Amino acid sequence: QVQLIESGGGTVQPGDSLRLSCAASERTVGRYAMGWFRQAPGKERELVATYTSWNSPYYTDSIKDRFTISRDNVKNTLSLQMNSLKPEDTAVYYCAAKRGSTLIGFQPDYWGQGTQVTVSS
């Protein structure tokens, strides 16, 4: 059973930065497709950052050039560096994993419990 534990959420002001981390059990990061989803109040959960089948980073349009996904196969962690945060980035952010090469177009097999990110002045 894969376990994913997120950390790093919080309340920040517009323009600030946050770094989310996801600690995975087993040797998940190098063996599973992994990524970050978010769910804002009243909205559907959406994929925001992951890797393609060719191991290139993928970002949803709304966070391009502001967020950076990275992974450490040795430490078994997945991270999301979020810069220039906006109020519309407010959401619960989830780490997710799936057997296979990419999360794009697929539902994850495993979810973390989520971490709240609030951007407010």
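Which residues of the largest nonpolar core touch the most other members? The legends below take up this question together with the sheet, the disulfide and one loop. The model is predicted, with local features requiring pLDDT of at least 70 and side-chain atom pairs counting only at pLDDT 80 or more, whereas totals for chains, interfaces and linings use all residues. Residues are numbered from 1 along each chain as its sequence is written, and side-chain values use heavy atoms, with hydrogens and water left out.

**View 1. The largest nonpolar core.** In this core of 30 residues, Leu-4, Met-34, Trp-36, Leu-80 and Met-82 touch the most other members. A nonpolar core is a set of buried Ala, Val, Leu, Ile, Met, Phe, Trp, Tyr and Cys residues joined through side-chain atoms within 4.5 Å, where buried means under 20% relative accessible area, exposed over 50% and partly exposed in between (1.4 Å probe, protein chains only). Among the elements that give two or more residues to this core are strand 4 (32–39), strand 5 (46–51) and strand 11 (115–119); strands are DSSP runs (E, at least two residues) numbered from the N terminus. Apart from this core lies another, of 6 residues, including Ala-33, Leu-47, Ala-96 and Leu-103.

**View 2. Surroundings of Met-82.** Leaving aside residues up to four places away in sequence, Met-82 touches Asp-16, Ser-17, Leu-18, Leu-20, Arg-66, Phe-67, Tyr-93 and Val-117, a contact being heavy atoms within 4.5 Å.

View 3. Four strands in the order 1-3-8-7 form an open sheet with antiparallel pairing, two strands being paired if DSSP finds at least two bridges between them. Strand 1 (4–7) and strand 7 (67–72) are the edge strands, each pairing on one side only. Strand 1 pairs with strand 3 (residues 18–24) in the antiparallel sense over 4 bridges, and Leu-4 stands opposite Ala-24 in strand 3.

**View 4. The disulfide.** Cys-22 and Cys-95 are joined by a disulfide with an S to S distance of 2.1 Å, the criterion being a pair of cysteine sulfur atoms within 2.5 Å. Cys-22 lies in strand 3 and Cys-95 in strand 9 (residues 91–99), so the pair ties together parts that are 73 residues apart in sequence. The link is left-handed, with -75° about the S-S bond, and both Cys-22 and Cys-95 are buried.

**View 5. Val-74 in its loop.** Val-74, found in the loop between strand 7 and strand 8, is exposed, with a relative accessible area of 77%. Although Val-74 and Arg-27 are 47 residues apart in sequence, they are 8.4 Å apart in space, C-alpha to C-alpha.
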